[in-house]
Amino acid sequence: TSLAADSQKALGRSFDDATLNIREMVRVTDTLTKANTLANATIEQFATSLTTKGGAALKIVNKDIAEGAAVLAVLAMQGVKAQNAGVALNIIMRDLQTKAVKNKQAFADYGVAVFDSTGKTRHLADVVKDLETGLSHLSHEALKNALLMDMGLSDKSVIFTQLMIGNSKAIRKFDESLRDAGGTTEEVANKNMQNILDQLILMKNKFADLAITLGQALAPAYEVLIFLGNILAATLEFIIK
């Protein structure tokens, strides 16, 4: 609950209306849980990414959690998680926007459109697709120089942007899956609870088997104790008489 609330606040999706706020928290929780099932990162790591600059970067350009989490999932697949992923998402979005304005002609030459006709930032899957198309003919070194020198991206932005290039389809696929995340938290919770119940039942059965085994092993000793007890009782009775 704490992770969901912090993520929701970072995204600017907290509301005074209790019903609306809870509905949005469920959406955030379902999306984070779904992202956890899609990529190699925990719910806590995704939430930490959003609360460490990632959510703020999305909020500024009015991007929703599904698109942001899709990019974070791609970063997670390549070992960039938690705080590092939040910083990476922030750098990628910041530099692509500012440099697209500052170096407009270079972006146009490579066929990369960061903004649509209304001036809004396009979906990151579309921007990355443009980068893939416009830079596909370049060698690794030439690609780095094009991003760094021609388009004016910073060193860190080049590193993170290169991780995005080649993953436009993955971003789009993750985005589509995350938009269909409703009920994921409940589903996962129920499965985990069932696993716990199954383990408890298994444990109970093992204890039952152990009791039977011990009973069989101790039966001869128990019979001896009964025999000795009978002798002792008979002796005491004889003495009393």
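This is a predicted model: local features need pLDDT of at least 70, side-chain atom pairs count only at pLDDT 80 or more; totals for chains, interfaces and linings use all residues.
The residues lining the largest pocket divide into 6 nonpolar, 4 polar and no charged. Good morning, colleagues.

The space inside the largest pocket amounts to about 170 Å³. Its lining consists of 10 residues, and those nearest the centre are Thr-1, Ala-4, Thr-29, Thr-33 and Ile-43.

Which helices each supply at least two residues of this lining? They are helix H1, residues 2-10, helix H2, residues 18-38, and helix H11, residues 184-240. Of these, H2 provides the largest share of the lining, with 4 residues.

Asn-62 sits in the loop that runs between helix H3, residues 43-60, and helix H4, residues 65-77. Is Asn-62 buried or exposed? Its relative accessibility is 72%, and since exposed means over 50%, Asn-62 counts as exposed.

The second case is Ala-82, with a positive phi near 50 degrees. Where is Ala-82 placed? Ala-82 belongs to helix H5, which covers residues 82-102. Its relative accessibility is 14%, and because buried means under 20%, Ala-82 counts as buried.

To set the two side by side: Asn-62 lies in a loop and is exposed, whereas Ala-82 lies in a helix and is buried. Thank you for your attention.

Technical notes
Residues are numbered from 1 along each chain as its sequence is written. Side-chain values use heavy atoms; hydrogens and water are left out. On a 1 Å grid over the protein atoms alone, a cavity is a set of points where a 1.4 Å probe fits but cannot get out, and a pocket is an open set with protein on both sides within 12 Å along at least five of seven lines; lining residues have an atom within 4 Å of a point. Grid points are joined across faces, edges and corners, and a volume is the space filled by probe spheres set on the points. Ala, Val, Leu, Ile, Met, Phe, Trp, Tyr, Cys and Pro count as nonpolar, Asp, Glu, Lys and Arg as charged, and the others, Gly among them, as polar. Buried means under 20% relative accessible area, exposed over 50%, partly exposed in between (1.4 Å probe, protein chains only).
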